[in-house]
Amino acid sequence: MRSLILIASYLWKDTWKRWFEQPSSPLARLFVTGILVLVATVILIAFQLLERSLRDRLERFGLNTVLVREAVSSDSKELVLSGASPDRLAPLANHGKKLRLRQLFLRAQTEWQNSLVVLSYPPEAIGVLAEMLSPETPAICLSDTLPEDAMVRVTLGRQSLIAQVRKPQGWLRPLVIEDLVLVPQGMLSEEERMGFMDTTIFQRKQNAPAVSEIVEAIQVLYGLERRPPPQVQSALNLIRELENLKERQKQWRNILAGILGVALSLVYGAIAILEFRQNLYVSALLRSFGAPRQFLYWRHLVENTLLANLAAVGAIATVASLHHTLFGTLGFSKIVLNMGAINPYLGMEMLAILAWVNIGALLSSIPIAIGLRQPVGAILN
């Protein structure tokens, strides 16, 4: 037992001595592993942030929401300024909540903002907007940035009015890509006469037809009437995009894992072979004194595993410390970058990287195991 401890102590001291005498060997392994893991970590984290961004957009839009936009020009027969205009999507009201608005070709300004979308709502929409409307003003400003319930002065062309700020919530959230102002129809009759974007937002009931069926029905309706297809937004495209992203993420994870494992096994294996040949006589001499060859094999395996994991953990920690700076420059929002309860650096992707790093270290020690099979006498002679 004492002899085994002495052998292990000698091998440990010999390893340290070799590192100090030939620092290029451990530094090369640390550098190669660090660079490979750094690149793999950035790519995998970027895919996770893209997935999180899509999920955030999906939650904001709503799984059961459909948004339909159709341009109505100034010379269109459907341009009705007073009274209700024909509504071919009226049957949707039987299957959920529906709100029809007119997006005007006009931009509004406040004291803090220079460009707000302007939409007008019909009298029948008052029941839907009742919770947002104020007895002091019929205008509503939907904004994520302005303080809620604040009264702001809004300039619309040559007119000026007071609007109450409300936070966009619930099924109307998909309307608010940017801050907007809602005013009653007829208040801006001159602007409406110039044309507008007929906008219908619909949220289906749980027992209503699926969103895909509703979208298909809308497209078929416009096709039968030989009208230009409207702009239809729904969660279907986001869901398909999310599924495609997951598939690409899986492919990249497999590709990066393969590259990582093969590259590390080749680099570490080549260095291990050179060092093994350089110390071949000393290893054979130790074996002749009774040192088990398993000890010599484990020295190379532990050395490679230690260096590989040290470099991998350091690379992952570096990316994590530069998380907001690095991925912020790539265009990700602060909401997406906020890791919250789920830390991407503690997920399965990072465990997969560490697993393949260790697999590469294990594969690199195979030539050493083969070399240790040589007879001691043949080496010493």
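In helix α2 (residues 24-61), V37, A40, T41, L44, I45 and Q48 meet E349, M350, I353 and V357 of α10, contact here being heavy atoms within 4.5 Å. The residues of this contact split into 7 nonpolar, 2 polar and 1 charged (Ala, Val, Leu, Ile, Met, Phe, Trp, Tyr, Cys and Pro count as nonpolar, Asp, Glu, Lys and Arg as charged, and the others, Gly among them, as polar). The model is a predicted one, where local features need pLDDT of at least 70, side-chain atom pairs count only at pLDDT 80 or more, and totals for chains, interfaces and linings use all residues. Residues are numbered from 1 along each chain as its sequence is written, and side-chain values use heavy atoms, with hydrogens and water left out.

Helix α10 covers residues 348-364, and its axis lies 10 Å from that of α2, at an angle of about 155 degrees (axes are lines fitted to C-alpha atoms, for helices over the stretch in contact, and angles run from 0 to 180 degrees between N-to-C directions). That puts α2 roughly antiparallel to α10, a label for angles over 145 degrees.

Strands are DSSP runs of E with at least two residues, and helices are runs of H or I with at least four, numbered from the N terminus. β1 pairs (at least two DSSP bridges) with β8 (residues 195-204) in the antiparallel sense, over 9 bridges. With β9 (residues 231-234), β1 also pairs in the antiparallel sense, over 4 bridges. V66 has F202 as its bridge partner in β8 and stands opposite S234 in β9.

Terms used
Parallel < 35°, antiparallel > 145°, perpendicular 65-115°, else oblique.
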